[in-house]
Amino acid sequence: MILNDLEKIEFSDNSRLNFDYDLNHLNWFNIGGKSKIFLLANSLSDLSLFLNKYKQRSKIYILGAGSNTLFDDDIYDGAVIKLGKNFNNISKLNDNSIISGSSCSDKKVAEFAMENGIEGFEFLSCIPGSIGGGIRMNAGCYNREFKDILISVQAIDFAGRVSTIPSSKIIFKYRSTDLHKNLIFLSGTFKGTISIKDKIKKKIEELKNKKEYSQPLRVKTSGSTFKNPINQTNKKVWELIRESIDIQKVNKMFGDATVSEKHCNFLINKEKASSKDMKNLINFIKQNVYKKTGVELELEIILTS
Ligand SMILES: Cc1cc2nc3c(=O)[nH]c(=O)nc-3n(C[C@H](O)[C@H](O)[C@H](O)COP(=O)(O)OP(=O)(O)OC[C@H]3O[C@@H](n4cnc5c(N)ncnc54)[C@H](O)[C@@H]3O)c2cc1C
């Protein structure tokens with residue numbers, strides 16, 4: 001890939017372009033090699049400028065908070081784009097709706113909604129991702145998903161065309177949407193219901209406690225690895241995993257890539273697991289669940305290769 005022309009781009013909002021950039025510290029697993037190109041885009045004009053010069057010469061990966069991404073150990077032979085400063089704003093549109101930049105954390109949006117007495121965003125306080133990642137994944141928990149609050153998405157495609165997509169035009173599925181893969185979400189408009197701050201605060205605390213009780217905290221993980229196989233069985237994926245593998249034994253087989261004892265759909269990088277270790281563990285679980293239960297597990301986490 002020829003890169004000379006990219007090196008000469010002059011950004012107006014201090015966006016940063018790096019070559020052979022380490023991805024390892026940009027995701028929750030702390031796993032991954034380098035990216036041939038890495039762009040921290042601070043504004044829409046800088047992002048457009050880059051897309052215009054890059055001209056889709058190779059693949060692009062949009063990175064949010066990296067809480068659902070497993071990078072490869074080998075170089076990512078394309079561009080990883082992360083949205084920076086100007087995509088981190090949040091404001092109230094009217095009494096019950098909010099517009100949030102894509103790089104805002106879900107937690108920040110939940111808190112903003114609470115401060116402004118808007119109910120319905122509480123579940124976001126339990127998801128450690130960004131608004132952009134949440135829209136892409138139709139993230140959710142405790143019976144709420146992004147689809148329940150999203151009104152529209154503002155996006156730019158890899159060719160530089162900006163559009164607004166109303167949520168009525170989006171097909172939402174369990175942990176995915178039909179939004180085209182060449183879209184970079186810039187912001188989302190969301191709607192809740194008018195309520196009382198204290199009531200919302202209490203609900204957030206309840207949900208957070210529930211999460212803390214059932215899931216491992218402060219570990220290098222990407223959350224749920226596999227989707228619940230809702231079309232194949234009523235059982236939760238963690239039940240299938242638990243009945244198909246001996247966790248203690250498996251945790252000695254793949255280096256630092258391990259299965260959480262607290263929630264076995266959460267895989268953990270104990271310290272220095274490689275992507276290969278993690279993928280071997282993933283495949284081992286998949287094969288054993290299939291052998292034991294006949295259920296084919298589908299990944300929830302995103303592999304970049
Ligand atoms: C401890 C823990 C708990 C979790 N609990 C939950 C949970 O309860 N419910 C749940 O649903 N998930 C959960 N997750 C998974 C994860 O937090 C969500 O999927 C989250 O929405 C991912 O957001 P992100 O910004 O980190 O996305 P990333 O991992 O950065 O990216 C995920 C996907 O979104 C795309 N993407 C990111 N930003 C943009 C953008 N601006 N434009 C276009 N595409 C974009 C990426 O290209 C990729 O396809 C958990 C993860 C962890 C580590």
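I was working with a predicted model, in which local features need pLDDT of at least 70 and side-chain atom pairs count only at pLDDT 80 or more, while totals for chains, interfaces and linings use all residues. Residues are numbered from 1 along each chain as its sequence is written, and side-chain values use heavy atoms, with hydrogens and water left out.

**Second largest pocket.** I found the second largest pocket lined by Lys173, Tyr174, Lys227, Asn228, Pro229, Ile230, Asn231, Gln232, Glu296 and Glu298. Its space comes to about 170 Å³, a volume being what is filled by probe spheres set on grid points joined across faces, edges and corners. By class I recorded 3 nonpolar, 3 polar and 4 charged residues in this lining, where Ala, Val, Leu, Ile, Met, Phe, Trp, Tyr, Cys and Pro count as nonpolar, Asp, Glu, Lys and Arg as charged, and the others, Gly among them, as polar.

**Ligand.** I counted 34 residues around the ligand, the closest being Ile62, Gly64, Ser67, Ser130 and Lys211; a residue belongs here if one of its heavy atoms lies within 4 Å of the molecule. The shell divides into 16 nonpolar, 15 polar and 3 charged residues, and helix 4 gives the most to it, with 5 residues. I then looked at oxygen atoms of the ligand: one lies 2.8 Å from a backbone N or O atom of Asn68, and one is 3.2 Å from an N or O atom in the side chain of Arg175. Taken alone the ligand exposes 970 Å², of which the protein buries 94%, by the Shrake-Rupley method with a 1.4 Å probe.

**Backbone angles.** Most residues other than glycine have a negative phi. I therefore noted Asp20, whose phi is positive, near 50°, and which at 43% relative accessibility counts as partly exposed, that is, between buried (under 20% relative accessible area) and exposed (over 50%), with a 1.4 Å probe and protein chains only. Asp20 lies in strand 1, residues 16-22, strands (E, at least two residues) and helices (H or I, at least four) being DSSP runs numbered from the N terminus. Arg218 also has a positive phi, of about 50°, although it is not a glycine; I located Arg218 in the loop between helix 5 (197-214) and strand 17, and at 79% relative accessibility it counts as exposed.

Terms used: Polar contact = N/O pair within 3.5 Å; in protein donor to acceptor, adjacent residues only side chain to side chain. 1 Å grid on protein atoms, 1.4 Å probe; cavity = no way out; pocket = protein on both sides within 12 Å on 5 of 7 lines; lining within 4 Å.
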